[in-house]
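Please look over the sequence and the structure below. The report that follows goes through them topic by topic.

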Amino acid sequence: MTDWTDIGALTDIPERGARVVKTHLGCVAVFRTADDEVFAIDDACPHKGGPLSEGIVHGRSVTCPLHNMVLRLDSGVAQGADEGAVNTYPVRVEGGRIMLDTARLRRGQVA
Amino acid sequence: MTRNLIVIGAGMASGRMLEHLFETQPGAWNVTLFNAEPRGNYNRLMLSPVLSGDKTYAEIVTHDADWYKAHDVTCRFGEKVLRIDRDAQVVVGENGVVPYDRLVIATGSNPFMIPLPGHDLDGVIPYRDLDDTQTMMALGVRPGARAIVIGGGLLGLEAAAGMKAQGVDVTVIHVMGHLMERQLDEAAGYLLKNALEAKGITVLTGANSTEILGRDGRVCGLLLDDGSEIACDLLVMAVGIRPNVTLAKASGLAVGRGIHVDNAMVTSDAHVLALGECVEHQGAVFGLVAPLYDQAKVAADTLAGKPATFAPKEVATKLKVTGCNLFSAGDFAEGDGREDIVFRDPARGVYKRLVLEGPRLIGAVMYGDTADGAWFHGLIKDHSDVSDMRDTLIFGPTFQGGAPSDPLAAVAALPGDAEICGCNGICKSTIVDAINGGATTLSDVRAQTKASASCGTCTGLVEQVMALTLGDGFEVQTVKPMCPCTPLTHMDVRRLIKSRALKSMAAVMQECGWTTSCGCASCRPALNYYLLCDWPGEYQDDDQSRFVNERMHSNIQKDGTYSVVPRMWGGITTPDELRAIADAADKYAVQTVKVTGGQRIDLLGVKKQDLPDIWADLNAAGMVSGQAYAKGLRTVKTCVGTDHCRFGTQDSTGLGIRMEKALWGSWTPAKVKMAVSGCPRNCAESTCKDVGVICVDSGYVLHIGGAAGLHIQGTEVMCTVKTEDEVLEYTAAVVQLYREEAAYLERMYKWMDNVGLDHIVERVVTDADSRRALADRFHHAQTFMQQDPWAERTKASYRALYAPLADLTLEAAE
């Protein structure tokens, strides 16, 4: 089951930047890359919970602002020697609007 | 059976030939060695260091009496050869006749003396051998001695610099428009002239001599064609050499400009060989040592009956004058179908020019930074196709993609006599000997050989020689690339940004061949800083390339909240400011209120979405961001000075406030902390700050390069100044120099370690023009930087960025 929700305009997010979406399951960081690709992942680094939305975005990766762990935006997996992963959420852009699949983020949807 | 070999001339070429011969055919020859000079073979190239006092004659002897004895060489030094009787196969010397089976003529060259009126006066000498060198050295003993050098070529300039080092007042007269015109183009010649003039040598280019003036049979001056007269006690003519063919010509050998030899170094007489500066091979004559050594090998092989062929190679030139690094190789005249690649860094006095013809490099001229000389020289010699690396060619081998050559392999391939250190004329074998003799560190090698001890540009090469010789015992400290996106170092990138006028991050990544599409978390903040620093007012600061603290203008804490620190100029606050801070702390439920080490107040635990509001409140109370998060000016710590303290010598608080007001807002490579102490008791702890001022009765002592973090480092004294205005000018200048030269994240003390305090003092203290220019550039940049980031970010357009994009918790609650 999917539940596409309009969470804002693509231009609300700076290029190579991120904004957060607050949910009952914690914040989700929605990223916009230099190529206008959009990705959504948990806004908490698997290392020490750093706010990934504040990290520097490069290519399809983000570097956590607290201790520089690098995570892939598309897979949520840590790069290099680090281990760990964050949840990723389906997201797409339609007519300049960002649609996030909130099926797994709604209250009571936790398995 | 032992055969008789006579060698006429004990120079470097014949000496090298004998070494080969004794190695490959020990005992095969009974050698008689004639030499016009009353001594054996010494390293003529090292006469300049002898002249300047860096070396003694004993140190430059190649073959001493023991060596000749060990190889049973009959030395007839100082004996003139009268003639050669080729029919009888004998050489007739002043002291008797010697028969030969083979004869080697190595009579070298004669210095060319311009037949000016007066050229035969006493005190007019060439620069050719040890006697000339000693004459010049003797002059230095006399106070106020003056010398003229005619000839601004390699030899003339070495003579001039050497005599200057001995304390002689030297004027160089050069007929051409710029120095060393055969090796250098005009731009490099200009830099060289400046460098020599900075040493105190007078250089007159485009100057024609008319007459050498004498008194009582001795030189006393030189008359130029413009009518001016220059007085001197010694006149050195260094305008070139001519092959010495007198003896060969008299004996009927084929002679042109030099003694004709074939590829095997054999003259027109099969029993007679010739080599060195006296020969002419395929129309060419020789003046530099490298081809002469090749000839020596060929001649030795020919004598041993082995086939060998001499093939002249491109030769490169280096000037052995400490502090003047220049290198030239190949052909660099302008011409049809030729293209130039030029790199200039006027501030550092660096000039590099490559000349390409089609896909090949045919010439290279470098001044100031000659580290890549050997590599360019190799490309010229090998006629390599350089089209693939044309764009980055001028930056040398380090910047070429892939691994075209293992630098160690290139160094391994260098012969023992390859010069590694141009400043001190140290060749590879000297360094290898020192290492084999127990030198295991760079400083050992420096101490023992002086290699890389002068200008340091050859340090990398020396380290590579060490790596080769010591094997695993030595770890080369390779320059670290900026990040995995590029093989370039921070300094390379900074240089490229300036030299190629790269004004956007995209331009840098494109032009420097970044391997990633938009960099990484390491290089982006660095590039953003470099561009901001180098192109004030032109480059647009990129928030997304900043660490979160600088993007948010607050320090992120471990729980994702932020800390807010308003500026307190010089550590001074007021009851009103304190009330506003207290109100803000209450209103935004600040978790912790902390007094910082930088004499201000930190409000910890502010939520991101509250930041614009708390800033607006603090702004309203007249406070601005303390930039406690920035790679920029943090605080200027002060003591109370003459306002209150019974020991205070100056108004340290007032000065601290002035400094903070002048310097806030600027971005720097790493954080900058300052302090002003009102007396040498140093209560503001100025001696562990990046810039520290200690007030004294007579003025202000400026300290730089302290740190008290991971690394504890006391400051060094930069200078003492008299007024507050000077403090501000000097401080702006030193901060600007640091901004322009340091690598990103490099604290001031680290930068000072790299460039040296002397360099900083030279640019900021000694050279007033340089200081003013630096301060001007700083103030220009400040006109774009001194805007309170809080005030900007409380505007509506920014506020949204601090709020969530969407809040699904609200939606779900409905």
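## Contacts and overall build of chain B

In this predicted model, residues 24 or more positions apart account for 61% of the contacts in chain B that have a separation of 6 or more. Chain B holds 29 helices and 39 strands. Of its 814 residues, 53% count as buried.

The C-alpha trace of chain B spans about 120 × 65 × 55 Å along its principal axes.

## Domains of chain B

Chain B is divided into five stretches or sets of stretches, listed here with their bounds:

- domain 1 covers 3-109 + 243-303;
- domain 2 covers 124-239;
- domain 3 covers 490-546;
- domain 4 covers 550-630;
- domain 5 covers 633-785.

The centres of domain 2 and domain 4 of chain B, taken over C-alpha atoms, are separated by 67 Å.

## Nonpolar cores

The largest nonpolar core has 50 residues, and B:M17 and B:L18 have the most contacts inside it. Helix α9 of chain B, residues 289-303, gives the most to this core, with six residues.

Which residues does B:L18 contact, leaving aside its neighbours within four places in sequence? They are B:L5, B:V7, B:V31, B:L33 and B:W67. A second, separate core has 49 residues, including B:L361, B:W375, B:F376 and B:C483.

## The second largest pocket

The second largest pocket has a volume of about 660 Å³. It is lined by 26 residues, of which B:R634, B:K671, B:K673, B:A708 and B:R747 are the closest to its centre. Strand β32(B) gives the most, with three residues.

By class, the lining of this pocket has nine nonpolar, seven polar and ten charged residues.

B:M163 lies in helix α6 of chain B, residues 154-165. Is B:M163 buried or exposed? B:M163 counts as buried because its relative accessibility is 0%, and the cut-off for buried is under 20%. Not counting residues up to four places away in sequence, B:M163 touches B:L51, B:M136, B:L139, B:A147, B:V149, B:V168, B:V170, B:L234 and B:V236. B:N619 is 456 residues apart from B:M163 along the chain, and their C-alpha atoms are separated by 67 Å.

B:T561 is found in a loop of chain B, between β28 (555-556) and β29 (562-564). Its relative accessible area is 11%, so B:T561 is buried. Leaving aside neighbours within four places in sequence, B:T561 is in contact with B:N555, B:I556, B:Q591, B:G605 and B:V606. B:T561 and B:R16 are 545 residues apart along the chain, with 75 Å between their C-alpha atoms.

## An exposed loop residue of chain A

A:E83 is found in the loop between β7 (70-72) and β8 (88-89) of chain A. Is A:E83 buried or exposed? A:E83 counts as exposed because its relative accessibility is 74%, and the cut-off for exposed is over 50%.

Leaving aside its neighbours within four places in sequence, A:E83 is in contact with A:M69 and A:A78. A:E83 and A:H58 are 25 residues apart in sequence, and 19 Å apart in space from C-alpha to C-alpha.

## Positive phi values

A:D36 is not a glycine, yet it has a positive phi of about 65°. A:D36 is found in the loop between β3 (28-32) and β4 (38-42) of chain A. With a relative accessible area of 35%, A:D36 is partly exposed.

In chain B, the phi of B:M265 is near 70°, a positive value in a residue other than glycine. B:M265 lies in the loop between β18 (259-261) and β19 (272-274) of chain B. B:M265 counts as buried, at 0% relative accessibility.

Definitions and conventions. Residues numbered from 1 in each chain as written. Chains lettered and ligands numbered in written order. Predicted model: local features only at pLDDT ≥ 70, side-chain atom pairs only at ≥ 80, totals over all residues. Heavy atoms only, no water. Helix = DSSP H or I, 4+ residues; strand = E, 2+ residues; numbered from the N terminus. Buried < 20%, exposed > 50% of the residue type's maximum accessible area, 1.4 Å probe, protein only. Core = buried A, V, L, I, M, F, W, Y, C linked by side-chain atoms within 4.5 Å. Contact = heavy atoms within 4.5 Å. 1 Å grid on protein atoms, 1.4 Å probe; cavity = no way out; pocket = protein on both sides within 12 Å on 5 of 7 lines; lining within 4 Å. Points joined across faces, edges and corners; volume = space filled by probe spheres on them. Nonpolar A, V, L, I, M, F, W, Y, C, P; charged D, E, K, R; others polar. Domains from an automatic or database assignment.
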